[in-house]
Amino acid sequence: EVVAAGLAMPDPAARVLALRTALHPAVGLRAELLPLLTDADAGVRRAALFAAAAASGEPLISDEGLFRWLHDPD
């Protein structure tokens, strides 16, 4: 619950930290990272893209889906 709350905090640094914690297999919040791909903060979007692309296990996004996010103007 704490990590899920961190993903919704107003501070971008807190969201990035929660995002990194959500990747841990014991936490089980990988799917909740996808909405952060459209976050207002470029740093959060960057971290979410890395998490979606580099996470082990079942891919969060297909290769075709990732291509769209690689063209972020920031």
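Hi everyone, let's start in the middle: the largest nonpolar core here has 20 residues, and those with the most contacts inside it are Leu7, Leu19, Leu33, Leu36, Leu37 and Ile61. By nonpolar core I mean buried Ala, Val, Leu, Ile, Met, Phe, Trp, Tyr and Cys residues joined through side-chain atoms within 4.5 Å. Buried is under 20% relative accessible area, with a 1.4 Å probe and protein chains only. At least two residues of this core come from each of helix H1 (2-7), helix H2 (12-22), helix H3 (42-54) and helix H4 (63-69), and H3 gives the largest share, 6 residues. Helices are DSSP runs of H or I, at least four residues, numbered from the N terminus.

A word on the source: this is a predicted model, where local features need pLDDT of at least 70 and side-chain atom pairs count only at pLDDT 80 or more, while totals for chains, interfaces and linings use all residues. Residues are numbered from 1 along each chain as its sequence is written, and side-chain values use heavy atoms, leaving out hydrogens and water.

Now, what does Leu33 touch, leaving aside its neighbours within four places in sequence? Leu33 is in contact with Leu7, Leu19, Ala22, Leu23, Ala48 and Ala51, contact being heavy atoms within 4.5 Å.

On to H2, where Ala14, Arg15, Val16, Ala18, Leu19 and Ala22 are buried. Their cover includes H1 and H3.

Arg15 also forms a salt bridge with Asp39, the closest N and O atoms being 2.9 Å apart. The pair is 24 residues apart, with Arg15 in helix H2 and Asp39 in the loop between H2 and H3. The rule asks for a Lys or Arg side-chain nitrogen within 4 Å of an Asp or Glu carboxyl oxygen, and the count comes to 1. Both partners count as buried, Arg15 at 9% relative accessible area and Asp39 at 13%.

Key
Buried < 20%, exposed > 50% of the residue type's maximum accessible area, 1.4 Å probe, protein only.
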